[in-house]
Amino acid sequence: MDELWHAFVKAIHLIVSLDPEVMDAARISLTIAAISCSITALLCLPLGSLIHFRRFPGKRLLTSAIQTLFSLPTVSIGLLVFVIFSRAGPLGGLGIFLTPTAMVLGQIILISPVMLGLIISALSGVDKAVSETATSLGASRFQASLITIREARFAIMAAVIMGFGRAFAEVGVANMVGGNFAGYTRTITTDMMLQTQMGNTELAMALGIILILIALIINVVLNRLQQR
Amino acid sequence: MRKAILVILAILALVGLLVGSISCGGAEGEGVLTPKGRLRVATTTSLYDTGLWGYLEPMFEKKYDVELDILYAGSGIALEYGRRGDVDVLTVHSKSDEEKFVADGYGVARVPFAYNYFLIVGPESDPAGLKVKGMTPEQAFKKLYANPGSGKFVSRGDGSGTHSKEKAIWKAAGYPDYEAVRTAGSWYIDAGSGMGPTLLKASELQAYTLTDEGTFLAYKGRQEINLVPIVNQGSILLNVYSVIVCTKNTKQEMATNLVNLLTSPEIQELIGKYGVKDYGKALFNPCAGVPEPTS
């Protein structure tokens, strides 16, 4: 109990003193997660809509497959990126491995299934009557789809927030493909892992507290936007 | 629809701001796909845990105006990164693996630059009776194996330099089949973790373990480690750190600069003094340019 309290005090101290290492880690965590989340959202919204609105053979199988990928371990994704982008790998010439780019790539792979699955689920939750009414009022198929998307916007927003949270809090991908270089690819989560390994448990816990605080602030902001 | 667009725009704006702040704040302004001006070093954990790298890194970065990216890994994975060409330089302590690495053409040369000693640590109560004057590490291991259950042993089990040394001691003690040792009984615990967590596990279980002196001292200062030195004499306990430039690296000149720095007289002297202030004794002995110590 003592340790938790000390960790909390340490967290406040690190924030107030604008500790450069913590600021670096926070900046990197936020940036990488934000970029990954934005790109994934831009990819998954059209893709999810396409999958939901179109009829095609194997649609249910595809949806099942996407949901299965929810359980993809972060370490597996890290390994995949490692094998492909390591200098010794097929795409090694790009020199992406051990840079923030690899981390973004890995996180996009990580959160795509989740975001895709939840967007499809969000769209499925809209009453068919909405698009049917729109069509009967003269809307084209595309316009009717847009209206359905609009109806599902809160659930879609929740899917995006979920994707961001997953990317922000993960450690398997970031650690495996980023290299955990201080000030360059060291996120809050990989720093927590390192500090624990090095025996600085209090610092590791303080970092965890800071991560939750940042997540809280972001969620409050996004919530206000969602409700206005 | 408007709200969704607003939110996406807000996120993109935030992202733009952050990306902008990085590229302005970052010193080099290199492309993201091909980082220039960064030298990658894979280091064994003990050089990092003792704080030595934290001490040397700014010196090197300042002198050669380059960003040093230090990858914290066990010697095993560090050598693998070197084989794949993902890092430029290695600082490791696994002599036989290093020699093979260079022989196979992955490393330019093995350059020893510092040494200290491993030691066997264990509970103060010393249940297996290993803390005896004149007991060698090989004899201690033999005693543990011959009396299963007299004492527990926690192994790094992670292919690190320390793990290699442990296997070497088992071999010297008369047990060349490591797999047999690993599965000898519940007294032998394969932890699969770094030195710090392994020490913590050994402390929790009140077991024996092999550790390098630097990390042991560094951790005793930071955490509750209820372990004491049990066996610290024996030439097999020699722990030599080497720096190796990887043949697949992309920054030959800068990599050589690092080797030169580590073996330079000034830095050798600093290495020899490192730790006295915080731990009361030097954690490393310099040895560049002299015949490699054998005991």
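**Stop 1: a helix and its partners**

Select residues 201–227 of chain A, which form helix α11. This helix has 27 residues and reaches 39 Å from its first C-alpha to its last, close to the 39 Å expected at 1.5 Å a residue. The model is a predicted one.

Within α11(A), now pick out the buried residues: Leu203(A), Met205(A), Ala206(A), Leu207(A), Ile210(A) and Leu211(A). What do the buried residues of α11(A) pack against? Show helices α1, α2 (20–53), α8 (153–169) and α10 (188–198) of chain A, and you have their partners.

**Stop 2: two of those partners**

Two packed helices are described by the angle between their axes and the distance between the axes. Keep α2(A) and α10(A) on screen: their axes come within 8 Å and cross at roughly 135 degrees. That angle is why α2(A) counts as oblique to α10(A).

To see where they touch, select Ala25(A), Ala26(A) and Ser29(A) in α2(A), then Ile188(A), Thr189(A) and Asp191(A) in α10(A), which they meet. Coloured by class, this contact of α2(A) with α10(A) shows 3 nonpolar, 2 polar and 1 charged residues.

**Stop 3: one residue in α1**

Move to helix α1 (residues 2–16) of chain A and select Ile15(A), which belongs to it. Ile15(A) has 17 other C-beta atoms within 10 Å, so it is partly exposed; a buried residue would need 20 or more.

Ile15(A) and Lys128(A) lie 113 residues apart along the chain, and their C-alpha atoms are separated by 49 Å.

Key
Residues numbered from 1 in each chain as written. Chains lettered and ligands numbered in written order. Predicted model: local features only at pLDDT ≥ 70, side-chain atom pairs only at ≥ 80, totals over all residues. Helix = DSSP H or I, 4+ residues; strand = E, 2+ residues; numbered from the N terminus. Buried ≥ 20, exposed ≤ 12 C-beta atoms within 10 Å, placed from the backbone. Expected span 1.5 Å × (residues − 1). Contact = placed C-beta atoms within 7 Å. Axes fitted to C-alpha atoms, helices over the stretch in contact; angles between N-to-C directions. Parallel < 35°, antiparallel > 145°, perpendicular 65-115°, else oblique. Nonpolar A, V, L, I, M, F, W, Y, C, P; charged D, E, K, R; others polar.
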